[in-house]
Amino acid sequence: MVSPTIDLVIEFALMLAIGAAMAILFLFISHLLAPKSKNPNKDQPYECGVVPESDARAPMNVHYYLVAVLFVLFDLEAVFIYPWAISLRELGTSALVEMFVFIVILLVGYFYAWKKGVFEWE
Amino acid sequence: MPDTAWHIIEVVVMLLLPLLMAGGLTVVERRLLGQLQDRYGPNRVGVMGEMQVLADAVKLLGKEDWIPPFADRPVFVAAPAIILMSVLASFAVIPLTSGFAVADLNVGLLFFLAMSSLGVYSVALAGWSSRSKYPLLGGLRAAAQLLGYEVFMGMSLLGVVMMAGSFDLSTIVEGQRGLWYVGPQFVGFVVFFIAGLAETRRTPFDLPEAESELVAGYHAEYSAMKFGIFYVGEYLGITLVSALMTVLFFGGWLGPILPGWTWFLLKTSILILVVIVVRAALPRVRYDQLMSFGWKVMLPLTLINLLVTAAVILAT
């Protein structure tokens with residue numbers, strides 16, 4: 001037992017190292033044992049037997065991007081709420097009122113996104 | 001050093017136990033789904049078909065390990081490894097019984113949330129690096145779905161965190177000696193259960209791999225053990241979410257007479273079975289329903305739950 005922090009780092013390092021080793025081992029064994037065969041017909045993307053028309057790197061719906069932006073917003077908000085949740089008992093009622101105000105401000109943006117149709121998919 | 005030896009025992013148990021459970025689950029799920037759909041399911045290998053998992057493993061090892069020439073090779077190979085690593089790393093903070101966790105982290109819950117976010121990379125990168133249309137669509141869907149449900153997955157747990165006053169999973173379990181949190185935090189539990197189904201891409205929310213429209217979604221181009229890792233990764237995810245629900249809402253290792261770990265495993269197994277039965281019972285939702293349900297119903301519900309829980313805690 002060196003110090004609690006270093007101990008934790010060692011434990012996580014062990015866990016991650018063995019986890020990674022397992023993943024690499026699985027892939028490596030499979031790579032060693034697997035049969036190989038070449039066939040030009042296999043070398044094209046799977047599209048239910050139809051010959052692919054264009055590259056798969058096509059433009060995507062902007063909705064996915066909007067969801068990602070919203071995720072960043074709301075996850076940051078969540079990060080702000082975490083420490084608040086821990087220390088709620090010490091901070092008392094004023095903290096609850098402040099959080100209420102914070103969430104109301106957040107909801108303004110939320111309803112703006114709602115009205116703009118970010119949550120609607122056709 | 002006995003300390004080091006103990007660490008290694010903990011690590012090995014917490015890696016092998018989930019892997020064995022996930023491996024067994026692949027068969028249990030198919031058998032159970034078979035029974036629920038009035039057919040047999042795999043019952044040929046072994047006495048009741050329980051050796052099917054070995055047969056599957058051997059078969060997967062014997063398949064060609066094909067990396068598409070049009071794919072982005074390094075990313076294509078790394079994607080399945082990421083999902084296995086991130087899920088296995090999450091098990092480090094799960095307390096199997098009192099004092100038995102690989103890392104008794106005081107921010108264990110945050111660590112779980114961070115690791116489950118990493119899982120998004122795996123599916124998104126797998127879909128993108130395949131350079132094929134179905135996987136790309138599956139990867140995009142998975143990314144948007146996981147991000148959307150990640151938001152209120154984290155916030156649905158805040159009720160529990162407020163009641164226990166800690167992010168430490170062992171402290172949270174100890175806080176449930178009188179009453180399991182599933183009672184006072186029932187809304188939080190329901191939201192977390194739904195978010196957990198979406199995070200593990202289970203049936204009402206299995207849009208990223210919807211067979212009828214996307215073939216197999218983000219792993220359509222994967223074969224052999226790389227596919228096997230995605231397959232096992234899904235069951236590892238179910239095991240992880242069930243174990244976490246046990247810890248957060250069902251009192252973890254707490255229970256009379258029997259040793260703690262048996263209670264923990266029993267509760268986790270029951271939750272896993274519930275997840276499987278949900279798959280047999282519910283149809284797949286439409287993608288627009290999935291997204292609007294998450295953002296329009298679950299997110300406000302979580303915020304209300306958060307404020308109400310805070311008010312109740314302060315009032316008592």
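How many residues does the contact take from chain B and from chain A? In this predicted model, chain B contributes 74 residues and chain A contributes 64 residues. The area buried between the two chains is about 6,400 Å², with carbon and sulfur atoms giving 76% of that area. Lys133(B), Trp295(B) and Lys296(B) together supply 11% of the area that chain B buries against chain A, more than any other three residues.

**Polar and charged pairing across the interface**
- The rule finds zero salt bridges between chain B and chain A.
- Three residue pairs are in polar contact between chain B and chain A, counting pairs with both residues at pLDDT 80 or more.

**The side of chain B that touches chain A**
- At least two residues each come from several helices of chain B, namely H1 (2-36), H3 (73-90), H4 (108-129), H5 (133-156), H6 (158-164), H10 (224-249) and H12 (287-315).
- H12(B) provides the largest share of this side, with 15 residues.
- By residue class, this side of chain B consists of 54 nonpolar, seven polar and 13 charged residues.

**Glu150(B)**
- Glu150(B) lies in helix H5 of chain B.
- Glu150(B) is buried but has no salt bridge, and the nearest side chain of opposite charge, that of Arg201(B), is 9.2 Å away.
- The side chain of Glu150(B) makes a polar contact of 3.2 Å with the side chain of Ser117(B).
- Apart from neighbours within four places in sequence, Glu150(B) is in contact with Phe71(A) from chain A, and with Leu113(B), Ser116(B), Ser117(B) and Glu199(B) from chain B.

Terms used. Residues are numbered from 1 along each chain as its sequence is written. Chains are lettered from A and ligands numbered from 1 in the order in which they are written. This is a predicted model: local features need pLDDT of at least 70, side-chain atom pairs count only at pLDDT 80 or more; totals for chains, interfaces and linings use all residues. Side-chain values use heavy atoms; hydrogens and water are left out. Contact means heavy atoms within 4.5 Å. Buried area is the accessible area (1.4 Å probe) that two parts lose on being put together, summed over both. A salt bridge is a side-chain nitrogen of Lys or Arg within 4 Å of a carboxyl oxygen of Asp or Glu. A polar contact is a pair of N or O atoms within 3.5 Å; within protein, one must be able to donate a hydrogen and the other to accept it, and residues adjacent in sequence count only if both atoms are side-chain atoms. Helices (H or I, at least four residues) and strands (E, at least two) are DSSP runs, numbered from the N terminus. Ala, Val, Leu, Ile, Met, Phe, Trp, Tyr, Cys and Pro count as nonpolar, Asp, Glu, Lys and Arg as charged, and the others, Gly among them, as polar. Buried means under 20% relative accessible area, exposed over 50%, partly exposed in between (1.4 Å probe, protein chains only). Lys and Arg count as positive and Asp and Glu as negative; His and the chain ends are not counted.
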